[in-house]
Amino acid sequence: MNVDPQNAPTLSAISQQQLYIVVSAAASQNPSEMLAASTRLKELLEQPGTLNVLHEISAQKSIPLPIRQLCIIQIKNVVMNHWRSRRLIPDHERPAIRARCITFLDEEDDTISRCNEIIVAKIARSDFPQKWPSLESDLMTPVTNNLGLRQASTGSDPHSSRILHRSLRLLNALLKEFSRTKMMTSAKTLSQLIDRLHLVLSDHYVKIAEGLSASLTVVNLSNPRTADDLLFAHLLFKCIMKMAVWIWPRLRDTYSRLQPWFTQAFQSSAIQLRSLYEIRIALISAVRVSNVQPDPTATRSLDLLTRYVRTLGKFFRRVQQLDVHRFVALPACDDLVSYYWDKVVQANTSPELIADSPQAVYPVRFLVQGMVLFKESLSQWSPTRKVKSGSGTTLPQDFVENAVTFLVTRFMPLNPSDLEGWMADPEEWVNGEDKEDEQWEFELRPCAERVLMTFSNQYQQYVTPLLVAAFNKVNGSCLVASRDFPRPTIELLAQPGNDLPAIIQKEAVYSAVGRCANRLKEHIDFGQWLDLAASEANNPNADYLILKRRIVWLIGKWVSDGCYPPTDVRVWQILVHLLSDRGTGTEVVRLTSASALQDSVNVLNFNVEAFVPFLGQTISELMQLIAEVESMESKRKLATCLNTVIERAGDKIVPYVSVITSPLPHLWLSAGEEILFKNTLLHLVTTLITAIGENSASLSGIVVPLIQESFLPGLAVQLDDDALKLWIAALRNASTLDSVAGGPGLLDLFPLAIKLLSENLDLLGKLTTILEGYFLLNSTAVLARHAVQLFPAFLRATEQALPANVKHLLIALEILFQMAHPSAYAEALHLSGLFASFMKTLTDENDKGDALILTHHILIMARIAVVDRQSFVQLISATAISQNISENSLWETLLDQWWRRFDNLSEPRHRKLSAMGIAALVSTGRPEVLQRLHSEIFALWMDVFAELKEIVNRDKDGTSGDAGLTLYWDQPADSYYNGAEDTLEYERRRSAYDNDITRTTLLSSFVAARLQEAEVACGGTQIMQAEYLAKTDPIVLKQIMTDVFGKH
């Protein structure tokens, strides 16, 4: 079938032959043909009927397997969304698809079967039971029948086993899907399903599990039936586990009827675990003793047995996670957790039997599982617990002491594989250690540390003396602060000394002291220990690198946990000394020192003065280390550490700015496509600028290219947010837009701001803040170079943005028009069409505009008119000509909106600005304005005069001079400063606020002057009186005369 898939026909219902051609090409080994066909297949999947035809192809066993696999994988990827669409999957096709899914129970290929499980689960989520009522019987019938056949014979029929295997997996997938959904309908469906299945499946499970103990012998491991029995028992238990875990939180209310079944399931599972694990130990031990490599079937049996045991443990852990108080109260729980702990102890007597392998006698995952269960139950066994639960179990003192000794001496010390990893890949090893908080449920040493911490919290009276004594013993001195403890110390495996075993044991004790710092801070003289630590930090013994790393970690832990003050210079001496320690194998020590430094400076009681003497060396060493390490993850962590140091040091960092900035261009270029590191560098420069504030002017040479490159194609999507934050910080702390020392200036970035304003609506939030920063810093320079391009960008943005963003854009324009004279922008404002757009919005006959947006339009008009009424009149006139509308019409609708929007103004200064703006319009003498003087305009002024209380400050000689106004009404809105506190922009905003004409000009004087100008403009006092004031209510006129001229 040599047909170009690109030319395959587009049909409403594509034929199987046509689709087969496309799928065959998509499975081709020819890259170009595969790419073209894959694209075409994706297009076809959006056409009705395609999914059904793909499903038909995948079900035909005569078709080559790769093509069938590709078909069903495509279905699996889209079925969830496509099944909701009746256009893509018509109703008449759905029954056939559902029926065809059941035929895959006899599928030999695992890939196809796994995909079918997902497909059935997703469809069932929508269709079961209403539209697919037969699904339950479609699965349970082959399960029951094939299990019955299996129990009636001693052999193993491959066909029957395959159907049973597929049916159980599909049933498990179905239960898993419904148990994960939160919809009430799904919960109801699952509840009904559990009611019908829990006893049936439990009965099947009991029958197959009863025969396991007898069949699990070394001889039978190679019997396929043994492997199948393990597989089916495991799958049945997974189904039971899904049901039990789902009802466990609900047993106290609607599902209390299932409490006996759950309790029985838990107890039998606990018994089964102990039985299976003891059998497993015996089997693997026997295999090891025989020195005979097990055959594939035996290997499969052991692997299945290991998985089965681990699944039992997952069940217990999940029940514990959902409700630990009730977990410990369950029958057999104490015995279960004790059994796990016994296995952990037993395993450590033969460390060579521990491995992360299903063939290990003590698999790491099993031991960690046991330690986690023990740790979480431990809190419920504390004698001081607040919530009494369980059987009232408390652990005896000897048990606690033995367990702590066991943890510190056996599981917490570094093992040979740790040391090998240290030397083989120091950076990766440190990165792995830093993830201990995430990995403690999966790795032995981190898990042991968490168990120790729980012991320390719940049994402090037993654990604290042990750890204090052990700390003293490994250091050969008494470091107890408050009192000596009579209890015996931990029996160390290695005696104190300078050999490797002693150092490793000491490192483990230091680790224990760090993990339990809060419980030990009153009992260990940490300051005295720092003298010993300083000596150890200078020890040239190569083995001491292990201890040096733990020393800096311990210091960072105690300081960050608030157990020791960071004012002690010895803290910084040791950390900075080891940060600069160079030699073979020191990478781990230096990287850990950097992390400890970060933890130590990032505390509430950090004293920068104590740290200043070490600041220069710290910055230098961190920059060198960033350059030296190879992995980007390490570079990012070090840059984050440096960022924290800069943030905490504040302006003390100023002398070292060049040390930080000089390597940045090279680091940026070397990062290549490592976006996360570039994000970190942008954040670093942002923090540096914020820290040095007004001293950051010289950094524009770095800031400008960093921001420009961050918005290059391919980078902008991932870097834009951090780049905008850097841009905002640079503007807020800048004193000029011009270049410094010949480098690029912030004004060189303004074309990029214009481009983003017109093209990227997603960035308008931060971009508006950037525009405001430019306008406040130097609006004249911005308009002189970019006015022609700026206003068209504003026009495009206001036409497309959401109302919330439009509001902020209008506020930015208000700031611009406050800071600049109309002569600098009026022509560009008109030519761009932005002013005409404002007028069109205001004069909309239907008045459907957002009230808040219209209000800000009026404030913009007022800003322009108050500063230069003649420019405003010219803008109205030019707009009337360009829009082919009469000036009279524009004036009338503008004045209508001005009056209508006055009540939307809440801030006193905005109401005053509106009053001043209308006064400026009155001064033009336009009849459209003056005709409203006696009514709307006088009413507006009277409202404002009644609200505002202003007096002119007098000099000593009684004149007003330049003393300004005392305003009793004015307070800046909380949002006015927009987060600019502690920056130069804050002062600029404050200055703009203080020098606003609404705050420097007495309203009565301003209105009086504008009325006098209006008299002149309209032809004199008599005309003013006869044509415009005569209509005024005498009482209103008297009040206006009083408010404006002080006449009664």
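The accessible surface of the protein chain amounts to about 44400 Å² in this predicted model. Carbon and sulfur atoms account for 51% of that area. Of the 1048 residues, 55% count as buried. Charged side chains number 100 positive and 116 negative. The centres of these two sets lie 6 Å apart.

The protein chain holds 51 helices and four strands. Its radius of gyration is 39 Å, whereas the globule rule gives 31 Å for 1048 residues. The value is well over the rule, so the chain is more spread out than a compact globule. Along the principal axes, the C-alpha trace spans about 125 × 85 × 60 Å. Among contacts between residues at least 6 apart in sequence, 74% join residues at least 24 apart.

Ser301 is buried because its relative accessible area is 1%, under the 20% cut-off. Leaving aside residues up to four places away in sequence, Ser301 touches Leu221, Thr226, Ala227 and Leu230. Leu230 is 71 residues from Ser301 in sequence. In space, the two C-alpha atoms are 7.2 Å apart.

Asp335 belongs to helix α15, residues 333-348. The residue counts as exposed because its relative accessibility is 52%, over the 50% cut-off. Asp335 and Glu892 are 557 residues apart along the chain. Their C-alpha atoms are separated by 89 Å.

A search of the whole structure finds zero. Two cysteines illustrate the result. For Cys71, the closest cysteine sulfur is that of Cys115, at 11 Å. A disulfide requires sulfur atoms within 2.5 Å, so the sulfur of Cys71 is too far from that of Cys115 for a bond. For Cys101, the closest cysteine sulfur is again in Cys115, here at 12 Å. This distance is also too far for a bond. Cys71 is buried, at 0% relative accessibility. Cys101 is likewise buried, with a relative accessible area of 0%.

Backbone geometry was considered next, beginning with a cis peptide bond. The bond from Phe128 to Pro129 is cis, with omega near 0°. Pro129 is found in the loop between α6 (110-127) and α7 (135-152).

Positive phi values were noted in residues other than glycine. Ala332 is one of them, with phi near 75°. Ala332 lies in the loop between α14 (324-329) and α15, the helix that contains Asp335. The relative accessible area of Ala332 is 24%, so this alanine is partly exposed. Asn978 also has a positive phi, near 55°. Its loop runs between β4 (965-967) and α47 (984-994). Asn978 counts as partly exposed, at 31% relative accessibility.

Definitions and conventions. Residues are numbered from 1 along each chain as its sequence is written. This is a predicted model: local features need pLDDT of at least 70, side-chain atom pairs count only at pLDDT 80 or more; totals for chains, interfaces and linings use all residues. Side-chain values use heavy atoms; hydrogens and water are left out. Helices (H or I, at least four residues) and strands (E, at least two) are DSSP runs, numbered from the N terminus. The radius of gyration is taken over C-alpha atoms; the globule rule is 2.2 Å times the number of residues to the power 0.38. Buried means under 20% relative accessible area, exposed over 50%, partly exposed in between (1.4 Å probe, protein chains only). Contact means heavy atoms within 4.5 Å. Accessible areas come from the Shrake-Rupley method with a 1.4 Å probe; for residues, only the protein chains shown count as cover. Lys and Arg count as positive and Asp and Glu as negative; His and the chain ends are not counted. The place of a charge is taken as NZ of Lys, CZ of Arg, CG of Asp or CD of Glu.
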